[in-house]
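Subject: Structure handover

Dear colleague,

Here is the structure I said I would pass on. My notes on it follow below.

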Amino acid sequence: MKRLIKIAATGVAIVGMAAASFAGEKVRMATIAPGSSAYLVMTTMASSVNGAQDKYDITVDATGAATKHMIEAAQGKLDIVMASPAIMDFMANGTAMYGSLPNAPELRENLSLLFWFPYGAYHTVVYADSGINTLQDIKGKRVFLGPPGGGAYNTAAGWIKATTGFEAGTDYEAVKASWGTALQGFQDRQFDVYINGGIPPFPQIEQLALTSNLRILGLSKANADVASVSGGGIQAATTALGRSMDVIPAGIYGNTVQSDGDVYTVGSLVGVVARNDMSEDAVYEITKSFWESLPEIRKTAPYMNAVNLDTAFSADNVKLHAGALKYYQQLGVRIPAALQ
């Protein structure tokens, strides 16, 4: 309980600091609403950068969908937003959620990378007394996959289809809700299955486990090992651009969260991108301030341990912003040629 209170207090402080008034030049950041590792990482980034320098002041809007934020950044309405490798490709090709936006490929050209980081493992959560004990038991249930039209929704729906063959809207009902209303709705038992991605131990799951006994659904290690070499839907779902097979360790959430050993599930990669025409100086200073303050941040924000230079260049379909590239070159890290 003390740890969760500390996390909650940190979250409030992060948002407050990011939104505070500073003398520096305003930088507009957008991320998805509270309820994911992406929100925690990006608001922590804003707070740390604001605290490390006074030339630029990042203000955060934590509402809406990342897919829309990317368009708004490309149009110059925002400066820094969340993205994912797969969504960047959808935008470049004018497919999926960008199929009805003719200039999506052109807009994609005005976005460049600061760094990638793990979104985390997708937790498929049910109440322990629900009678839902396997992914196959989802059939006919009400399931929250993520806000409709977002990347998390697509990833979760793809994972369910790969593991069970079930289609959203046909074999189960996909609940339409925002992150915030979905969390409250699950707590009120308005639907059966709650899916969200986060770096274990994920604070949202810890919060739910304070008052209820839960179960996390997924593959066993044996099934995951077979799937990884046998091809088919599961292998495709976990090897697609920006995706991986991830694991939620048994016991990481304590006795109130049940699982049949380690839970193997889909994981994904997301990142921080900026509009290309944002000044090189601004992106350099923001990137530098973030990485230099990260060791101190990790002391009180353990989820930030997953954000490191080992994953910062994990996908190569988006080039680095000139300001970020300048910092990494000065740092002397190896940068894939495709990102330069």
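Leaving aside neighbours within four places in sequence, Q53 is in contact with E285 and S289, where contact means heavy atoms within 4.5 Å. The C-alpha atoms of Q53 and S289 are separated by 7.1 Å, although the two residues are 236 residues apart along the chain.

Before the rest, the basis of the numbers. This is a predicted model, in which local features need pLDDT of at least 70 and side-chain atom pairs count only at pLDDT 80 or more, while totals for chains, interfaces and linings use all residues. Residues are numbered from 1 along each chain as its sequence is written, and side-chain values use heavy atoms, with hydrogens and water left out.

Core

The largest nonpolar core has 115 residues, and F115 and L145 touch the most other members. A nonpolar core here is a set of buried Ala, Val, Leu, Ile, Met, Phe, Trp, Tyr and Cys residues joined through side-chain atoms within 4.5 Å. Strand β4 (residues 111-127) gives the most to this core, with 12 residues. Not counting residues up to four places away in sequence, F115 touches M45, G271, V272, F290, W291, V307, A312 and Y328.

A121 also belongs to strand β4. With a relative accessible area of 0%, A121 is buried. Its contacts, apart from neighbours within four places in sequence, are N196, G197, G198, P200, D246, I248, T265, V266 and G267.

Helices

Helix α6 covers residues 151-164; at 1.5 Å a residue its 14 residues should span 20 Å, and its end C-alpha atoms are 20 Å apart, which agrees. The expected span is 1.5 Å times one less than the number of residues. Buried residues in α6 are A152, Y153, T155, A156, A157, W159, I160, T163 and T164. An α-helix has 3.6 residues a turn, so residues three or four places apart point the same way. After α6 comes G165, with a positive phi near 85°.

In α4, the buried residues are P85, A86, I87, M88 and M91. Their cover includes α3 (66-74), β3 (80-83), α5, β4, α6 and β11 (263-275). Just after α4, G94 has a positive phi of about 65°.

Q187 is part of helix α7 and counts as partly exposed, at 29% relative accessibility. Leaving aside neighbours within four places in sequence, Q187 is in contact with Y127, Q207 and L208. Q187 and L208 are 7.3 Å apart in space, C-alpha to C-alpha, and 21 residues apart in sequence.

Backbone

Most residues other than glycine have a negative phi, and most peptide bonds are trans. A96, in the loop between α4 (85-93) and α5 (104-108), has a positive phi near 50°. R189 is likewise not a glycine and has a positive phi of about 60°. R189 lies in the loop between α7 (179-187) and β7, and at 46% relative accessibility it counts as partly exposed. The peptide bond from P200 to P201 is cis, with omega near -5°; P201 sits in the loop between β7 (193-198) and α8 (203-209).

Cavities

A search of the whole structure finds two cavities of 30 Å³ or more. A cavity is a set of points on a 1 Å grid over the protein atoms alone where a 1.4 Å probe fits but cannot get out, and lining residues have an atom within 4 Å of a point. Grid points are joined across faces, edges and corners, and a volume is the space filled by probe spheres set on the points. The largest cavity holds about 70 Å³ of space. Its lining includes I216, I248, P249, Y253 and V263. By type, the lining divides into eight nonpolar, four polar and no charged residues, where Ala, Val, Leu, Ile, Met, Phe, Trp, Tyr, Cys and Pro count as nonpolar, Asp, Glu, Lys and Arg as charged, and the others, Gly among them, as polar.

Regards

Terms used:
Helix = DSSP H or I, 4+ residues; strand = E, 2+ residues; numbered from the N terminus. Buried < 20%, exposed > 50% of the residue type's maximum accessible area, 1.4 Å probe, protein only. 1 Å grid on protein atoms, 1.4 Å probe; cavity = no way out; pocket = protein on both sides within 12 Å on 5 of 7 lines; lining within 4 Å.
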